[in-house]
Amino acid sequence: MTTQRKTIIAGNWKMNKTPKEARELASAVVESVKTKTDLPEIVLCPAFVALHDVLEVAKGTPVNVGAQHMDYRDEGAFTGEISPVMLTSMGVTHVIIGHSERRQFFGETNATVNLRLKAALKHKLIPIVCVGESLDEREEGLTDAVVRRQVAAALIDIDEESTKTLVFAYEPVWAIGTGKTCEAAEANRVCLLIRGVVNEFYSRAEGGHKGAKSTAGDHVPILYGGSVKASNVDEQLALPDIDGSLVGGASLNAGEFQSIIVAGAKRQTTMASKLTRSGT
Ligand code: PGA
């Protein structure tokens, strides 16, 4: 059965662009989509200091603004941190959680990803939770085990209803910023695995009560990220379980990012017409 899931194209600008540069890049993205219809959900994730500028530019346009990270507490003595309350008060709607660079360089763990995910949901931010294996893990044949563990750990104590706003991103660490893209078929396989883990997670949780089989995962958009470019995105988005792209390097170039948005729009239209044909 074909399930309706939104297509999402998100740009993770990482630690790039001053507020002035971010404003210029956001303006170029907004300009490129302004006359278009049937757009995918578009999200720009600039650095914290550029959120204000990008929000101003994006206001009243189809472009959403997300943060790249956040603390899980509402306020307090946590020098250097930014809280979900601060983000929502500005108009930020999305937040990336557990990006591999946070896991690798800033001590992010599966447990803190879970705390951040709960905080995001509590504050009605749309979380984009990143999972993915390292090169060593892939070479040792541990991809599925690592991804399964990351997904299941992220979901601890999250009720099934909340998965309606949840987004996952499969980002194999070895493909990030390296120019090495995961083959589209393999990326699709792992995205499907993630969907299955979500279904299993809630089937188990439900099992104790009603023995019902959950289909929560069928409704969760799962993005692929890792060296996504205009030249490889069509192939990825043609596959059934890759619902969009989390784009790093290529999102810093307005023209490249525009082409990726166009690919997202194409996927969205194709999916909608499949649904119409299947009558679901
Ligand atoms: P990349 O980064 O597109 O530069 O590989 C993706 C990401 O880290 O989200």
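Mentor: Here is a walk from the ligand out to the strands. Keep in mind that this is a predicted model.

Start with the ligand. How many residues surround the ligand? The count is 14. The closest are Lys 14, His 99, Glu 171, Gly 177 and Ser 227. Sort the shell by class, and you get five nonpolar, seven polar and two charged residues.

Now look at single contacts. Lys 14 brings a polar side-chain atom to 2.7 Å from an oxygen atom of the ligand. Ser 227 works through its backbone: a polar atom there is 2.7 Å from a ligand oxygen atom. Gly 248 also uses its backbone, with an N or O atom 2.9 Å from an oxygen atom of the ligand. How much of the ligand does the protein bury? Taken alone, the ligand exposes 280 Å², and the protein buries 95% of that.

Stay with Ser 227 for a moment. Find it in the loop between strand S7 (222-225) and helix H9 (230-237). Is Ser 227 buried or exposed? Its relative accessibility is 14%. Buried means under 20%, so Ser 227 counts as buried.

For contrast, pick Lys 122. This residue is found in helix H5 (residues 110-122).

Next, follow the chain on from the Ser 227 loop. The loop lies between S7 and H9. Three bridges join S7 to strand S8, and the two run parallel. Gly 225 stands opposite Leu 246 in S8. The path from S7 through H9 to S8 is a right-handed β-α-β crossover.

S8 covers residues 244-247. Strand S1 (residues 8-12) is also joined to S8, by four bridges, and runs parallel to it. Gly 11 has Val 247 in S8 as its bridge partner. In a regular strand, side chains alternate between the two faces of the sheet. What covers S8, one face or both? Both faces are covered. Gly 244 and Leu 246 are buried on one side, and Ser 245 and Val 247 are buried on the other.

Finally, turn to strand S3 (residues 63-67). Four of its five residues are buried, so S3 is largely enclosed by the rest of the structure. Which strands pair with S3? One is S2 (residues 41-45), parallel to S3 over three bridges. Leu 44 stands opposite Val 65 in S3. The other is S4 (residues 94-97), joined to S3 by two bridges and also parallel. Here Gly 66 has His 94 in S4 as its bridge partner.

S2, helix H2 (residues 51-58) and S3 make a right-handed β-α-β unit. S3, helix H3 (residues 84-90) and S4 make a right-handed unit of that kind as well. Trace both units in the structure, strand to helix to strand.

Methods: Residues numbered from 1 in each chain as written. Predicted model: local features only at pLDDT ≥ 70, side-chain atom pairs only at ≥ 80, totals over all residues. Heavy atoms only, no water. Near = heavy atom within 4 Å. Polar contact = N/O pair within 3.5 Å; in protein donor to acceptor, adjacent residues only side chain to side chain. Areas by Shrake-Rupley, 256 points an atom, 1.4 Å probe, with all protein chains shown as cover. Nonpolar A, V, L, I, M, F, W, Y, C, P; charged D, E, K, R; others polar. Buried < 20%, exposed > 50% of the residue type's maximum accessible area, 1.4 Å probe, protein only. Pairing = 2+ DSSP bridges. Right-handed = clockwise from strand over helix to strand, strands pointing away.
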